[in-house]
Amino acid sequence: MTIATDDLETLTDRASAGVAFDGLRIDEEDGNYVLETPDNEWHDLDEAALREALEACEEYVTNWRYWQETVGGEGTARRAFLRWCEHAPIPDADEQTTTTDGLAVPARYDALRDGIDRQWGQLSITARFVDVDDPDGERVYDLWHVDDADSDLADLEVYDDPRDAREIATYDEDGRYRPLKTAPTLVSGWAFTGLSGAELVETVGFLYPATIANWHRELRGNLDVDHWTETAERQTGIYDVIDELPREAVDWMAEACCVDSQCLRRRKWEYDEDDDVDVDGGDGPFPCREPCSLVIAAARKWAILESEEEHTYELELTTSELNQLAELIDAVAEGRTDEIREADVYDGANRYRARYLRAKRVGEDGLEATQVDE
Amino acid sequence: MQALVIAAHGSHLNPDASDPTYAHADTIRETGAFDEVREAFWKEEPHFREVIRTLEADEVFVVPLFISEGYFTEEVIPRELRLDDWDPEKWDSDGTSASQATLEADDVGKTIHYCGPVGTHDAMTDVIVQRAETATGDPDVGEGVGLAVVGHGTERNENSAKAIEYHSERIRERERFDEVKALFMDEEPEVDDVTDFFESDDIVVVPLFIADGYHTQEDIPEDMGLTEDYRLGWDVPGEVDGHRIWYTGAVGTEDLMADVVLERAADAGADIGDARETVRDIAGSVADADHEPSAGTGAGD
């Protein structure tokens, strides 16, 4: 490993104003320099001696150069995310303390030679040195689907333009449109390799829009959560009705739409500040700060449906037929209908079983039932 | 640093609805005029609500990819962007003359230049003309040809019709086409009877819509009698009542739309350098020499 002459010059230029970054500390005292790393201290260095001493702690120097010169953007979500990618400590909003315990520079440098893997929803991100044999501190990032973690790169479609991620994010494996980018239906079979930090953040931004920004806000304790009641009351036009959705229906809605099997964002919004939704919010790394547009659109339908009165109906069913109705609902709700084998008549949601039930119990006007409460 | 946000409707159901938004954003990215360019949507992600926080720039130009001033541009987008001091009065518009308003976004502490919609900008007139050129494949189209500019109409708001009439009048004043008419889907004069309104044998029909969808690809071609069933497609030109109808689709898909977005941002103070020339090179030139430059001439500047 070597330090470029330019880097030494830049660093010695900055030294007079003081440098303190990731364990590297340089201060000027009466024309001489003090250099510190967690492992060593040098005092009374003139400029030539400082350069010599810096050569002895080159990992700290190239690390400083990568973060302060290449990445920059102090306080941005982009920088915090890239630091998360390699388990580096992430500064608090005050830039003085760190919110997370991270690895020190030598441990990170060891790990970056092999590549450091992190998971972001269904994404697997690897941070690594550009040059593994003679690392100069420059990192690049590889990105692919977690299901492809063990795949040979030659078997994957390889991309390097972040904008290609838009097409990947648009359709599921059956070719159906994915209106919700954070649904756990991202297709596999692709890879982005050798991305710069900025390109990685842009690519993740196309696959999971705004997740990095909201994660960063949560990390800093300033995530602005809008609970259900605030979000619903804000709506106008055709969505004006959604604040009429009954309290318990909001629980059912969250169970229907917002659990991990449907969306990888971790729900932080509740019914209101003092009234939690009685459904698990999920375990993902990035938060959901308000009901999304899909939930709003579905809530409109449910608000209208829930405005109907309940009635008591009488209909003839065997016990097995009653159970079969539950099986059918369950199969559709779990997206399981495609998996049920054609001849598996033991499954209540089998197509022939459903057609038989329809032939027997469903007339031209629907299920043959009589309202008995009027 | 300055950033551009293109704010569009998007769709929960149609994956193609956002294509023009992405295409125009990409064209502007190529110019390098903005440090960041971001697409934002009402029905897709990033949502209007969360787009500003994804930007590092302190100065953000938001251009709505909508046709008219109305519910979305005056109410929904500013509310979702958290432009708390917004009031439609700040545009001081007669329905087609909004330029921009400078505001703060409450959640991020950034300066937001909230621009009027692309559909009412003067440069949109050029895009309609260019669509007539690409639809006919004739860069000099005009002589002996009628042009119908088609809009939705008043179903939602009166400004929808105003935008159509505004551009129709501007094109008429150029005296390039023999006839220019504004037609509507749900009010008189109706696009259903398109051939009744023209004497010219050739009629170019340009729908002033942002994205292709149900209206432009199903309703309008069937209503005009270009095809019995949109799924069968139609000829360009197609024969209707002895006229030849040149109809392709939503004007919003035209490459030159990126120029309108840029002009909106420039009118609001964005430093775009020579980006407009780059975009016009990419999009191909508008082949009418007599058109006046749009920048600085629009009402509301």
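Me: At which residues of chain A does UniProt place the feature "domain: DR2241 stabilising"?
Reply: Residues are numbered from 1 along each chain as its sequence is written, while chains are lettered from A and ligands numbered from 1 in the order in which they are written. UniProt positions follow the numbering used here, feature names are shortened, and annotations may be inferred rather than shown by experiment. The unreviewed UniProt entry places this feature at residues 105-218 of chain A.

Me: How far apart are the end C-alpha atoms of residues 105-218 of chain A?
Reply: The span is 32% helix and 25% strand; helices (H or I, at least four residues) and strands (E, at least two) are DSSP runs, numbered from the N terminus. The distance between its end C-alpha atoms is 25 Å.

Me: Which helix supplies the largest share of the side of chain A that touches chain B?
Reply: Contact (C-beta atoms, placed from the backbone, within 7 Å) involves 24 residues of chain A and 19 residues of chain B. Helices H6 (164-170), H8 (211-219) and H11 (293-306) of chain A each give at least two residues to that side of chain A. The largest share, three residues, comes from H11(A).

Me: Which residues of H11(A) are buried?
Reply: H11(A) has 14 residues and reaches 20 Å, close to the 20 Å expected at 1.5 Å a residue; the expected span is 1.5 Å times one less than the number of residues. A residue is buried if 20 or more other C-beta atoms lie within 10 Å of its own, exposed if 12 or fewer, and partly exposed in between, with C-beta atoms placed from the backbone. The cover over the buried residues of H11(A) includes helix H10 (247-257) of chain A. Those buried residues are A:Ser293, A:Val295, A:Ala299 and A:Ala303.

Me: Does H12(A) lie largely buried or in the open?
Reply: H12(A) covers residues 319-333, and its end C-alpha atoms are 22 Å apart, which agrees with the 21 Å that its 15 residues should span. The number buried is one of the 15 residues, so H12(A) lies largely in the open.

Me: How far apart are the C-alpha centres of domain 1 and domain 2 of chain B?
Reply: The bounds, from an automatic or database domain assignment, are 2-120 + 256-283 for domain 1 of chain B and 123-253 for domain 2 of chain B. The C-alpha centres of the two are separated by 26 Å.

Me: What is the omega of the peptide bond from B:Glu188 to B:Pro189?
Reply: Most residues other than glycine have a negative phi, and most peptide bonds are trans. B:Pro189 sits in the loop between strand S7 (179-184) and strand S8 (202-207) of chain B. The bond from B:Glu188 is cis, with omega near -10 degrees.

Me: Is B:Asp92 buried or exposed?
Reply: B:Asp92 has a positive phi of about 45 degrees although it is not a glycine. The loop that holds B:Asp92 runs between helix H3 (71-80) and strand S4 (100-105) of chain B. With 12 other C-beta atoms within 10 Å, B:Asp92 is exposed.

Me: Over which residues of chain B does pLDDT stay under 50?
Reply: Chain B averages a pLDDT of 90, and 93% of the residues score at least 70. Where pLDDT is low, the predicted coordinates should not be read in detail. In chain B, pLDDT stays under 50 over residues 286-301.

Conventions. Predicted model: local features only at pLDDT ≥ 70, side-chain atom pairs only at ≥ 80, totals over all residues. Contact = placed C-beta atoms within 7 Å. pLDDT = per-residue confidence, 0-100.
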